[in-house]
Amino acid sequence: MRLALLADVHGNLPAFEAALEAARRESPDLLVVAGDVVNGGPDSGACWQLARAEAGLLLRGNHERYAIDLGTPAGDPVWLGPRFRPLAWTVAELAGLLDDVRGAPIEARVDDAVYVMHAAPGDDHAGVFPWTPDDELAQLFAGVDAELLLRAHNHLPFHRTLEDGRLLVSAGAVGLALAGRPEAQWALLTREPRGWRVEHRSTPYDVAAALRRFDESGYLDAAGPVGALFRREVATGSHQLVPFMRFERAWRAANGGAVDGRDGDAALEAALAEFLRPRP
Ligand SMILES: [Mn+2]
């Protein structure tokens with residue numbers, strides 16, 4: 001039994017195509033795409049359609065949930081703020097596909113031995129890291145009777161054995177790698193006589209082509225400052241959004257809330273310019 005685990009594509013089509021090609025070369029019995037196919041990069045529609053065509057099992061993650069929520073008439077108005085403009089682009093990209101997205105499961109059993117989810121059972125947003133305490137892991141994955149637990153979500157490839165012997169594999173990100181190298185990360189799981197072999201793969205792809213999609217699709221104009229940060233994450237393979245949000249909070253607090261009397265996009269843009277300003 002051999003499984004390919006791909007997730008966190010985030011609308012990056014060149015990265016997804018490269019990871020799929022590399023995964024197919026391994027002739028997996030099942031190719032799993034474990035959510036967050038959409039949002040972040042410009043090509044959410046094409047990525048979802050490709051995932052639907054190529055995956056034997058396709059889950060949705062928290063970013064699909066955001067798109068479903070904004071795409072629903074009674075959706076939360078928080079999504080209409082300036083920092084969620086990339087999501088509005090994503091929802092437009094998913095025109096005609098949202099019912100299919102909504103119908104995807106958030107977790108699934110592959111067989112007696114293997115259970116797959118985006119983040120954790122019943123929770124598409126739970127963070128799991130190499131340093132998460134054992135008792136927290138035991139609680140998060142309680143009640144899942146499987147020897148192999150597959151998840152993604154944190155864009156950080158690692159695996160560890162829980163205290164009860166279950167193997168937890170967290171895949172890196174196909175489209176928004178954050179470990180310092182702009183490559184497409186995914187995982188290959190092979191059942192061997194002594195247990196599961198885990199290989200975290202990092203596949204080079206045409207990053208310049210991905211960046212051209214940001215520049216030439218109209219995405220950057222539509223998605224605003226937060227879209228520019230997604231582009232920088234693709235370009236560098238490193239964290240930009242989370243550090244920016246921390247920076248922006250501190251900067252706004254130091255400037256008495258609004259920035260130079262501005263709010264909305266203007267304040268976001270001012271904060272972003274300051275965040276990106278080269279420092280000696
Ligand atoms: Mn996620």
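Q: Where is the place of His153 in the chain?
A: In this predicted model, His153 sits in the loop between β6 (148-151) and β7.

Q: Why is His153 called buried?
A: Buried means under 20% relative accessible area. His153 has a relative accessible area of 11%, so the residue counts as buried.

Q: What makes the phi of His153 worth a remark?
A: The phi of His153 is positive, about 75°, although the residue is not a glycine. His10 is a further case: its phi is positive, about 50°, and His10 is not a glycine either.

Q: Where does His10 lie, and why is it called buried?
A: His10 belongs to the loop between β1 (2-6) and α1 (13-25). Its relative accessible area is 3%, which is under 20%, so His10 is buried.

Q: Which residues coordinate the manganese ion, and what makes them donors?
A: The manganese ion is coordinated by Asp36 (OD), Asn62 (OD1), His118 (NE2) and His153 (ND1), at 2.1 to 2.2 Å. The cut-off for a donor to this metal is 2.8 Å, and N and O atoms qualify, so these atoms count as donors. Water is not among the atoms, so the site may look incomplete.

Q: What spacing do the donors of the manganese ion follow along the chain?
A: The spacing is D-x25-N-x55-H-x34-H. Asp36 and Asn62 are buried.

Q: How do you know that the span of helix α10 agrees with its number of residues?
A: The expected span is 1.5 Å times one less than the number of residues. For the 13 residues of helix α10 (residues 264-276) this gives 18 Å; the end C-alpha atoms are 18 Å apart, so the two values agree.

Q: Which residues of α10 are buried, and what do they pack against?
A: In α10, the buried residues are Ala267, Leu268, Ala270, Ala271, Leu272 and Phe275. They pack against α8 (219-236) and α9 (241-254).

Q: In what order do the strands of the open sheet stand?
A: The 5 strands follow the order β4-β5-β6-β8-β7, with mixed pairing.

Q: Why are β4 and β7 said to stand at the edges?
A: β4 (107-111) and β7 (158-161) each have a single partner strand, so one side of each is left without a neighbour in the sheet. Direction ignored, neighbouring strands of this sheet are turned by 15° against each other on average.

Q: How do you know that β7 and β8 pair?
A: A pair needs at least two bridges. 4 bridges join β7 to strand β8 (residues 167-170), so the strands count as paired, and they run antiparallel. Phe158 has Ser170 in β8 as its bridge partner.

Q: Why is Ala173 called buried?
A: Ala173 has a relative accessible area of 0%, which is under 20%, so it is buried. The residue lies in the loop between β8 and β9 (184-192).

Q: Which residues does Ala173 touch, not counting residues up to four places away in sequence?
A: Ala173 touches Ala7, Asp8, His155, Glu183, Ala184 and Gln185.

Q: Into which domains is the protein chain divided?
A: The division is into domain 1 (2-203) and domain 2 (240-276). Their C-alpha centres lie 30 Å apart.

Technical notes. Residues numbered from 1 in each chain as written. Predicted model: local features only at pLDDT ≥ 70, side-chain atom pairs only at ≥ 80, totals over all residues. Heavy atoms only, no water. Domains from an automatic or database assignment. Donors = N, O, S within 2.8 Å, 3.2 Å for Na, K, Ca; no water. Buried < 20%, exposed > 50% of the residue type's maximum accessible area, 1.4 Å probe, protein only. Helix = DSSP H or I, 4+ residues; strand = E, 2+ residues; numbered from the N terminus. Contact = heavy atoms within 4.5 Å. Axes fitted to C-alpha atoms, helices over the stretch in contact; angles between N-to-C directions.
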